[in-house]
Amino acid sequence: MEILPSYMKLYESGELHKRRDYLIKRLEECDLCPRQCKVNRLKNVGSCRVGNEIKISEYVLYPGEEPVLKGENGAGGVFFSNCTMRCVYCQNFNFSQLGFGKKISTEELGKIFLKLQNEMKAANLDLVTATPYLPFIFDALIYAIERGFRLPIVWNTSSYESIETLKLMEDVVDIYLADIRYTSNIVGKRYSGVKDYWSNAQIAIKEMYRQVGETFLLDEKSNILKRGIIIRILVLPNLINQAKEALKFLKYEISKKIHVSLMDQYVPVYKAKNYEKLSRYLYKSEYQEVVDYLYELGFENGWIQTHKLKEDNEVYSSLK
């Protein structure tokens with residue numbers, strides 16, 4: 001039996017249209033992200049460097065996500081330009097920090113959604129650094145639904161999200177793919193340019209978990225995830241205690257049953273060379289220490305990665 005995405009019910013009831021209209025209205029005094037810049041983005045550019053236009057870097061079949069997200073062909077990645085954060089080590093810095101990309105219309109974005117589904121046979125719609133574009137995404141989604149779009153939506157997020165905005169994504173987003181970057185506001189300010197990362201990320205992750213809970217719904221034939229939440233922790237050099245604290249938060253304030261993806265793929269790119277602690281690759285011993293702690297805390301669901309030479313591709317191993 002086909003597993004339909006949650007947004008179909010919202011579309012049929014008219015609720016999806018109401019949320020789109022409300023989101024567009026919020027652009028007049030934008031508060032979509034925790035920065036709360038209150039800029040009228042219908043006329044000006046907000047602190048995210050986004051105004052009233054869609055700008056994307058690319059859309060691709062992306063093979064680098066966790067196994068349950070990529071299927072045979074890959075996740076349907078749409079990479080949006082600009083970002084609410086300013087991570088000094090961002091691997092996507094060309095478009096997330098420097099703003100490279102192409103401006104497109106809402107209708108063109110809707111056609112991309114359809115192309116990813118119908119021609120490229122993507123496992124899902126994987127939206128990356130998408131928060132500033134949420135009103136336009138809802139509009140494009142309505143366009144695509146009316147033309148047969150049915151892929152589950154993956155919200156690929158740093159977790160620097162406003163709870164009010166996340167509530168508008170309930171039953172629109174079926175899969176949350178959420179990072180925990182740091183467990184300190186001070187560290188978040190130093191390396192990502194936001195003063196309140198951890199304060200907001202804790203609340204955001206709790207809200208995402210409230211929406212999805214421990215549901216982890218896989219398609220019986222393809223083993224592709226249709227609904228669930230995955231928490232990613234990128235282990236950073238010299239900051240392994242941040243990763244350990246993130247794991248403690250998940251166990252004691254969320255659930256040790258949650259799916260965790262412990263990532264060993266840090267690359268010192270962009271401005272990282274200017275920061276002593278982040279100017280090198282992660283040591284195998286550092287990553288292994290966090291892996292050991294993951295098991296010590298009793299997590300059973302998720303993935304770890306094989307520590308690799310810098311030119312190798314990531315290899316995921318299931319915790320079970």
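What follows is a series of questions and answers on this structure.

Guide: Bear in mind that this is a predicted model.

Visitor: Why is Cys87 called buried?

Guide: Cys87 has a relative accessibility of 5%, and buried means under 20%, so Cys87 counts as buried. Cys87 sits in the loop between S2 and helix H4 (93-96). Beyond its neighbours within four places in sequence, Cys87 contacts Gln97, Arg181, Tyr182, Tyr191, Ser192 and Tyr270.

Visitor: What makes Cys90 buried?

Guide: The relative accessible area of Cys90 is 14%; the limit is under 20%, and therefore Cys90 is classed as buried. Cys90 also lies in the loop between S2 and H4. With neighbours within four places left aside, Cys90 is in contact with Ser96, Gln97, Val269 and Tyr270.

Visitor: Which residues does UniProt give the feature "binding site"?

Guide: The UniProt record, an unreviewed entry, puts that feature at Cys83, Cys87 and Cys90. Such annotations may be inferred rather than shown by experiment.

Visitor: Which residues touch the most other members of the largest nonpolar core?

Guide: That core has 108 residues, and those with the most contacts to other members are Val78, Phe80, Tyr89, Phe113, Leu127 and Leu250. Helix H6 supplies the largest share of this core, 10 residues. As for Tyr89, residues up to four places away are not counted, and those it touches include Arg181, Tyr182, Tyr191, Ser192, Leu234, Leu236 and Tyr266.

Visitor: How do you know that the span of H5 is close to the one expected?

Guide: Helix H5 covers residues 106-118, which is 13 residues. From its first C-alpha to its last, H5 reaches 18 Å, and 18 Å is expected at 1.5 Å a residue. The expected span uses one less than the number of residues.

Visitor: Which residues of H5 are buried, and what do they pack against?

Guide: Leu109, Gly110, Ile112, Phe113, Leu114, Leu116 and Gln117 are the buried ones. The buried residues of H5 pack against strands S1 (54-62), S2 (75-80), S3 (102-104) and S4 (125-128), and against helix H6 (134-145).

Visitor: Why does Phe136 count as buried?

Guide: Phe136 has 8% relative accessibility, and buried means under 20%, so Phe136 counts as buried. Phe136 belongs to helix H6. Its C-alpha is separated by 9.5 Å from that of Glu107, 29 residues apart along the chain. Not counting residues up to four places away, Phe136 touches Leu27, Arg41, Gly51, Asn52, Glu53, Ile54, Thr106 and Leu109.

Visitor: And Val68: why is it placed among the buried residues?

Guide: Val68 has 8% relative accessibility; with the limit at under 20%, Val68 therefore counts as buried. Val68 is part of helix H3 (residues 67-70). Val68 and Asp219 are 151 residues apart in sequence, and their C-alpha atoms are 9.5 Å apart in space. Apart from neighbours within four places, Val68 is in contact with Phe216, Leu218, Asn223, Ile224, Leu225, Ile230 and Trp303.

Visitor: What makes Arg150 partly exposed?

Guide: Arg150 has 28% relative accessibility. Buried means under 20% and exposed over 50%, with partly exposed in between, so Arg150 counts as partly exposed. Arg150 is located in the loop between H6 and strand S5 (153-157). The C-alpha atoms of Arg150 and Leu125 are separated by 9.5 Å, while the two are 25 residues apart along the chain. Residues up to four places away aside, Arg150 touches Glu2, Leu4, Pro5, Tyr7, Met8, Gln117 and Ile145.

Visitor: Why is Arg49 called partly exposed?

Guide: At 37% relative accessibility, Arg49 falls between the limits of 20% and 50%, and so counts as partly exposed. Arg49 is in the loop between helix H2 (15-26) and S1. Arg49 is not a glycine, yet has a positive phi of about 70°. Lys121, in the loop between H5 and S4, is not a glycine either, and has a positive phi of about 55°.

Visitor: How many cavities of 30 Å³ or more are there, and what lines the largest?

Guide: The count is three cavities of 30 Å³ or more. The largest cavity has a volume of about 70 Å³. Its lining includes Cys30, Asp31, Leu32, Cys33, Gln36, Cys37, Arg41, Cys48, Thr84 and Pro132.

Methods
Residues numbered from 1 in each chain as written. Predicted model: local features only at pLDDT ≥ 70, side-chain atom pairs only at ≥ 80, totals over all residues. Heavy atoms only, no water. Helix = DSSP H or I, 4+ residues; strand = E, 2+ residues; numbered from the N terminus. Buried < 20%, exposed > 50% of the residue type's maximum accessible area, 1.4 Å probe, protein only. Contact = heavy atoms within 4.5 Å. Core = buried A, V, L, I, M, F, W, Y, C linked by side-chain atoms within 4.5 Å. 1 Å grid on protein atoms, 1.4 Å probe; cavity = no way out; pocket = protein on both sides within 12 Å on 5 of 7 lines; lining within 4 Å. Points joined across faces, edges and corners; volume = space filled by probe spheres on them.
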